[in-house]
Amino acid sequence: MTSKQNKATLPSIVLGSTSPFRKLLLDKLHLPFIQDAPNIDETPLKNELPQQMVLRLAQGKADVFSEKYPNHIIITSDQCAVFNNKPIGKPHTFENAVNQLKQFSNNAIIFYTGLVVLNTASNERFEYLDTTKVVFRELSDDVIQNYLRIEEPLNCAGSFKSEGLGVTLFNKIESRDPNALIGLPLMALTDIFYEMGYPLPISN
């Protein structure tokens with residue numbers, strides 16, 4: 001993307017998520033922002049592909065805030081992990097987590113991350129879909145159980161935390177941007193800020 005002429009003032013920024021992981025990611029860009037919960041129905045539609053779902057939900061989250069924040073840059077995201085063409089949920093129990101990781105051993109899962117930026121000050125909307133492939137090592141029962149006992153990722157889709165000890169389970173990650181796997185594709189977000197006329201980083 002090419003940048004436009006810089007505008008005088010950067011609008012206030014809203015991260016449409018209460019996720020502490022997305023907050024930490026956006027903090028990397030040294031931009032001031034607030035967080036707000038979108039509270040939308042995230043039920044998948046019948047026969048909806050995961051790629052379509054994450055973009056639809058990211059769009060829905062942004063639209064929730066369009067009137068509440070009329071002169072802002074609203075950033076929203078949604079993510080879905082897929083194994084054998086089926087969405088992966090959160091394990092919630094230790095047993096379910098063991099079963100998930102056993103399936104992933106010597107296999108790969110795909111993460112689709114939808115990003116939407118809605119600039120209500122200029123009425124611009126930007127969308128981006130990131131695809132990240134995570135290839136797992138051969139995982140022994142001991143490795144699986146040791147990992148789960150240490151990190152306890154029972155509320156994480158796929159039963160691992162890529163930003164933590166979960167990296168020990170991987171053989172490789174194929175992605176433009178490793179931040180997308182955690183929940184927010186920062187390189188694509190930077191592209192969008194350039195497109196809006198705000199090349200990053202911006203000096204305070």
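Predicted model: local features only at pLDDT ≥ 70, side-chain atom pairs only at ≥ 80, totals over all residues.
Residues are numbered from 1 along each chain as its sequence is written, and side-chain values use heavy atoms, leaving out hydrogens and water.

Two bridges join β1 to β2, residues 34-35, and the strands run parallel; DSSP must find at least two bridges for strands to pair. The chain gets from β1 to β2 through α1, in a right-handed β-α-β crossover, that is, clockwise from the first strand over the helix to the second with the strands pointing away from the viewer.

β1 is also parallel to β3, with four bridges. Here L15 stands opposite I75.

I75 brings us to the core. The largest nonpolar core has 21 residues, and I75, V117, L189 and F193 have the most contacts inside it. Such a core is buried Ala, Val, Leu, Ile, Met, Phe, Trp, Tyr and Cys joined through side-chain atoms within 4.5 Å; buried means under 20% relative accessible area with a 1.4 Å probe, protein chains only. The largest share, six residues, comes from α6.

Among the buried residues of α6 are L189, I192 and M196. V117 is in contact with these three, contact being heavy atoms within 4.5 Å. Just after α6, G197 has a positive phi of about 100°.

Methods
Buried < 20%, exposed > 50% of the residue type's maximum accessible area, 1.4 Å probe, protein only. Lists of a residue's contacts leave out its neighbours within four places in sequence.
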